[in-house]
Structure formats: C-alpha cells, structure tokens
Amino acid sequence: VSLSQSIAIIEFLEESIISGAKLLPADPIDRAIARQASEIINAGTQPLQNLSMLKKIEHMSEGKIKGLEFGASNNRKGLVALEKLLAKRKVEMASKGPFALGGFGPTVVDI
C-alpha cells in the first residue's frame, strides 16, 4: 500500500499495529486530544507554511504579504496553540510522564 497523507498514515498504523503499542491513547479524552493536536498541525499549521502556498500568497498580494513571514507567523501560532493544548492536558491529569500528553508512552502527538 502507498499512502501519502498524514492522517491516513496515522490511522493505517493505528489499525494495523498488532503489538500492545498504539499511536492513539486508550482513554477517550486523551484520544480526542491527540486527534485535536494532530489536526492543529495537519490542518491549521502545515498548509499555511507550504512553499507553494507562500509563493502564491506573495504573488496574489503583489508582494504586500511576504510569503516566508506569513508562513513563519502561522507556524508560530500553530505551535503556540499546540503547546497550550498539551500543557492544559498535563495540568488536568497532574501527569509527570515525559511524553506530549503527559503519559509514559509515545502517542501520535509525539511523532
């Protein structure tokens, strides 16, 4: 199989891993937050910093919007949103784990 989209790859791996390790947490709230974190990057950050998108924005604005600055700004906003989401969850769980959701095993958020 040849897959090229992040969410499709994540779901394929989640559904096809036979061992005990999973990319999505077992807890439904953590699982939803993991999906939310993935979408912050997948839909809300990454598309706004693609080089082809940045060139098009700069061209369509006749140079008034600098593509690289636009991309960097949106990248920062997305990462700040992600960090806030994950920090809030760690506080809610009072967790001491080293991974992004505060647990002791990696999830999709860590990759």
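## A loop residue with positive phi

Let's start at E62, which sits in the loop between α3 and α4. Helices here are DSSP runs of H or I with at least four residues, strands are E runs of at least two, and both are numbered from the N terminus. This is a predicted model, where local features need pLDDT of at least 70, side-chain atom pairs count only at pLDDT 80 or more, and totals for chains, interfaces and linings use all residues. Residues are numbered from 1 along each chain as its sequence is written, and side-chain values use heavy atoms, with hydrogens and water left out.

For background, most residues other than glycine have a negative phi. E62 also counts as exposed, at 68% relative accessibility. The cut-offs are under 20% relative accessible area for buried, over 50% for exposed, and partly exposed in between, with a 1.4 Å probe and protein chains only.

## Overall build

Along the principal axes, the C-alpha trace spans about 50 × 40 × 20 Å.

Of the 111 residues, 28% are buried. Take the contacts (heavy atoms within 4.5 Å) between residues at least 6 apart in sequence: 42% of them join residues at least 24 apart.

## Surface and charge

The accessible surface of the chain comes to about 7,500 Å², and carbon and sulfur atoms own 61% of that. The areas come from the Shrake-Rupley method with a 1.4 Å probe; for residues, only the protein chains shown count as cover.

How far apart are the mean positions of the positive and negative charges? For the 14 positive and 12 negative charges, the answer is 5 Å. Lys and Arg count as positive and Asp and Glu as negative, while His and the chain ends are not counted. Each charge is placed at NZ of Lys, CZ of Arg, CG of Asp or CD of Glu.

## The salt-bridge network

A search of the whole structure turns up 4 salt bridges, a salt bridge being a side-chain nitrogen of Lys or Arg within 4 Å of a carboxyl oxygen of Asp or Glu. Which residues are linked in a network of these? They are D27, D30, K88, R89 and E92.

One of the pairs is R89 with D30, whose closest N and O atoms are 2.7 Å apart. R89 is in helix α4 (residues 67–93) and D30 in helix α2 (residues 28–42), so this bridge ties together parts that are 59 residues apart in sequence. R89 is buried, with a relative accessible area of 10%, and D30 is buried with a value of 10% too.

R89 also bridges to E92, at 3.2 Å from N to O; both residues lie in helix α4, 3 residues apart, or about one turn of the helix. E92 meets K88 as well, at 2.9 Å from N to O. Those two are 4 residues apart in helix α4, again about one helical turn. As for cover, E92 is partly exposed at 44% relative accessible area, while K88 counts as exposed at 52%.

## Stops along the other helices

In helix α1 (residues 6–16) you'll find L13, which is partly exposed at 35% relative accessibility. L13 and L24 are 11 residues apart in sequence, and their C-alpha atoms are 10.0 Å apart in space.

Over in helix α2 there's S38, which counts as buried at 13% relative accessibility. What does S38 touch, not counting residues up to four places away in sequence? Its partners are I7 and V108.

L51 belongs to helix α3 (residues 51–60). Is L51 buried or exposed? Exposed, with a relative accessible area of 51%. L51 and L68 are separated by 17 residues in sequence and by 8.2 Å in space, C-alpha to C-alpha.
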